[in-house]
Amino acid sequence: VPPQEIITRDNVTVTVNAAGNHPPVILNLETNVSELLDGSTVTVLAAVSDPDGPQDLVGGVLRGADGELLGAFEARSQGLFQLELGWPAFAAVEPFDFYGSESRDFGVSFTDFQGEEAAQTFTLAFRCPELSGGCGDGCQRLDLDTACGACGVACPQGQECDPLQDP
């Protein structure tokens, strides 16, 4: 819609842009790792612009696949945002329960002052060392009689643990 002109008294012309607000745009989204090891952190970087100007951008958040809030991005410079998270932050919204490795999807969204939003998703893998799995908020060995093949699953008394077999 082209701008509309409104003429008022004393030959003063006021131009009103009838086009309205435009949503932000995520130009680039990247992580410093594609696979997160126990005890490490991931840094998520987002380059974001807003056609209505940088002053219209409120900020961004990272959410789990079910919408759980993981954190808010911090502005590093105009249009560049960063968020750093470790295993405990991810486990706080969905505790780990896997053998070896697991991938999870996450959503990033940035909002402007009019409520318009830009969103994008990415996948991050979580990996534990050999014979281990994600249990709760970190990795745990799963080749022990007290944790055999799965989190919190004890080997039946008198049997030896084989983590590759169903407990």
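This is a predicted model: local features need pLDDT of at least 70, side-chain atom pairs count only at pLDDT 80 or more; totals for chains, interfaces and linings use all residues.
**Figure 1. Glu-35, with a relative accessibility of 33%, counts as partly exposed, and this close-up shows its salt bridge with Arg-127.** Residues are numbered from 1 along each chain as its sequence is written, and side-chain values use heavy atoms, with hydrogens and water left out. "Buried" here means under 20% relative accessible area, "exposed" means over 50%, and "partly exposed" is in between (1.4 Å probe, protein chains only). A salt bridge is a side-chain nitrogen of Lys or Arg within 4 Å of a carboxyl oxygen of Asp or Glu. By that rule the model has four salt bridges. In the one pictured, the closest N and O atoms of Arg-127 and Glu-35 are 2.7 Å apart. Arg-127 belongs to strand β12 and Glu-35 to strand β4 (residues 35-37), so the pair ties together parts that are 92 residues apart in sequence. Helices (H or I, at least four residues) and strands (E, at least two) are DSSP runs, numbered from the N terminus.

Figure 2. Arg-76 is partly exposed, with 47% relative accessible area. Glu-74 also counts as partly exposed, at 46%.

**Figure 3. Arg-104 has a salt bridge with Glu-102 and also sits over a ring.** Between Glu-102 and Arg-104, the closest N and O atoms are 2.8 Å apart. Is Arg-104 buried or exposed? Arg-104 is buried, with a relative accessible area of 8%, while Glu-102 is partly exposed at 22%. Now look at the ring of Phe-126: the charged end of Arg-104 lies over it, 5.6 Å from its centre. For that to count, NZ of Lys or CZ of Arg must be within 6 Å of the ring centre and within 35 degrees of the ring normal.

**Figure 4. Seven names, one aromatic cluster: Trp-87, Phe-90, Phe-96, Phe-98, Phe-106, Phe-122 and Phe-126.** Rings of Phe, Tyr and Trp (its six-membered ring) pair if their centres lie within 6.5 Å; planes under 30 degrees apart count as stacked, over 60 as edge-to-face and the rest as tilted. Searching the whole structure turns up eleven aromatic pairs. One of them joins Phe-90 and Phe-126 edge-to-face, 5.1 Å centre to centre and with 70° between the planes. This pair links distant parts of the chain, with Phe-90 in helix α1 (residues 87-93) and Phe-126 in strand β12, 36 residues apart. Phe-90 and Phe-126 are each buried.

**Figure 5. Cys-128 and Cys-139 are joined by a disulfide.** A disulfide is a covalent bond between the sulfur atoms of two cysteines. In this model it is called when a pair of cysteine sulfur atoms lies within 2.5 Å, and the whole structure has two disulfides. For Cys-128 and Cys-139 the sulfur atoms are 2.0 Å apart, and the link is left-handed, with -90° about the S-S bond. Cys-128 is in the loop between β12 (117-127) and β13 (132-136) and Cys-139 in strand β14 (residues 138-141), so the link ties together parts that are eleven residues apart in sequence. Cys-128 is buried, at 6% relative accessible area, whereas Cys-139 is partly exposed at 22%.

**Figure 6. Another disulfide joins Cys-135 to Cys-151.** Its S to S distance is 2.0 Å. The torsion about the S-S bond is about -90°, so this disulfide is left-handed. Cys-135 sits in strand β13 and Cys-151 in the segment after β16 (147-148), a link between distant parts of the chain, 16 residues apart. Cys-135 is buried at 12% relative accessible area; Cys-151, at 23%, counts as partly exposed.

**Figure 7. Asp-56 is buried and has no salt bridge.** You'll find it in the loop between β5 (41-49) and β6 (57-64). Where is the nearest side chain of opposite charge? That is Arg-63, 18 Å away, with Lys and Arg counted as positive, Asp and Glu as negative, and His and the chain ends not counted. Not counting residues up to four places away in sequence, Asp-56 touches Asn-21, His-22, Asp-50, Asp-112, Phe-113 and Gln-114; contact means heavy atoms within 4.5 Å.
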